[in-house]
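Student: Could you take me through one part of this structure closely, and then show me how the rest is arranged around that part?

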Amino acid sequence: MKDKGYRVLVVDDDLEMCGLLSDVLKGEGFSAITTHDSLEASKILKKEEFDIIITDLKMKGLKGLDLLEETRRVSPLTPVIIITAFGTIESAIQAMKMGAYDYITKPFQMDEFILTVRKALENRFLKKEV
């Protein structure tokens with residue numbers, strides 16, 4: 001699978017993490033749009049289509065699970081990856097039950113992160129074919 005042109009929305013209130021993920025994704029050939037404001041992310045989700053959403057779990061305004069729920073409504077086939085520094089078994093189970101593609105705790109290895117993104121995209125396109 002070629003990664004050219006796949007649109008990724010990255011939402012994290014940590015500006016450094018947002019920038020890092022954007023740089024890594026762009027380095028892999030993805031088109032990464034970032035925002036550190038979850039309310040802005042909600043507006044963007046309603047206007048634009050993305051191939052994958054990556055969101056932090058705990059943020060001011062909307063939480064990652066709120067964005068997950070909104071993504072399920074406006075774009076049900078778009079995979080959502082939840083990232084967090086405050087991971088618990090309970091929040092991981094809740095995210096997966098709500099339809100998250102994956103739940104990754106910080107810190108994480110970037111090569112594993114990119115592999116997860118690629119698998120999520122693959123899964124999305126398989127679902128679209130069906």
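Tutor: Happy to. Let's start with Ser22, which is buried, with a relative accessible area of 6%. Keep in mind that this is a predicted model. Ser22 is found in helix 1, and, not counting residues up to four places away in sequence, Ser22 touches Ala32 and Thr34. Those two contacts lead us to the sheet, since strand 2 spans residues 31-35.

The sheet is open and has five strands in the order 2-1-3-4-5, with parallel pairing. Strand 2 and strand 5 (102-105) stand at the edges with a single partner strand each, so one side of each has no neighbour in the sheet. From one strand to the next, the twist averages 20 degrees.

Strand 1 (residues 7-11) pairs with strand 3 (residues 52-56) in the parallel sense over four bridges. Along this pairing, Val8 stands opposite Ile52, and the bridge partner of Val11 is Thr55. Strand 3 is also joined to strand 4 by four bridges, and these two strands run parallel. Here Thr55 turns up again, with Ile82 as its bridge partner in strand 4.

In a regular strand, side chains alternate between the two faces of the sheet. Both faces of strand 3 are covered: Ile52, Ile54 and Asp56 are buried on one side, and Ile53 and Thr55 are buried on the other. Five of the five residues of strand 3 are buried, so this strand is largely enclosed by the rest of the structure.

Next come the helices around the sheet. Helix 5 (residues 110-129) lies across strand 3, strand 4 and strand 5, and runs at about 135 degrees to strand 3. Helix 4 (residues 89-97) packs on the sheet too, touching strand 4 (80-84) and strand 5, with its direction at about 155 degrees to that of strand 5. Strand 3, helix 3 (residues 64-74) and strand 4 form a right-handed β-α-β unit.

Helix 3 has a helical partner as well. The axes of helix 2 (residues 38-47) and helix 3 come within 10 Å and cross at roughly 10 degrees, which makes helix 2 roughly parallel to helix 3. Where they meet, Ser38, Ala41, Ser42, Leu45 and Lys46 come from helix 2, while Leu67, Glu70, Thr71 and Val74 come from helix 3.

Leaving aside neighbours within four places in sequence, Ile81 is in contact with Ile52, Ile53, Ile54, Thr55, Tyr101, Asp102, Ile104, Thr116, Val117 and Ala120.

One last stop is in the backbone. Most peptide bonds are trans. The bond from Lys106 to Pro107, however, is cis, with omega near -10 degrees. Pro107 lies in the loop between strand 5 and helix 5.

Notes:
Residues are numbered from 1 along each chain as its sequence is written. This is a predicted model: local features need pLDDT of at least 70, side-chain atom pairs count only at pLDDT 80 or more; totals for chains, interfaces and linings use all residues. Side-chain values use heavy atoms; hydrogens and water are left out. Two strands pair if DSSP finds at least two bridges between them. Axes are lines fitted to C-alpha atoms, for helices over the stretch in contact, and angles run from 0 to 180 degrees between N-to-C directions. Contact means heavy atoms within 4.5 Å. Buried means under 20% relative accessible area, exposed over 50%, partly exposed in between (1.4 Å probe, protein chains only). A crossover is right-handed if, with the strands pointing away from the viewer, the path from the first strand over the helix to the second runs clockwise. Angles under 35 degrees count as roughly parallel, over 145 as roughly antiparallel, 65 to 115 as roughly perpendicular and the rest as oblique.
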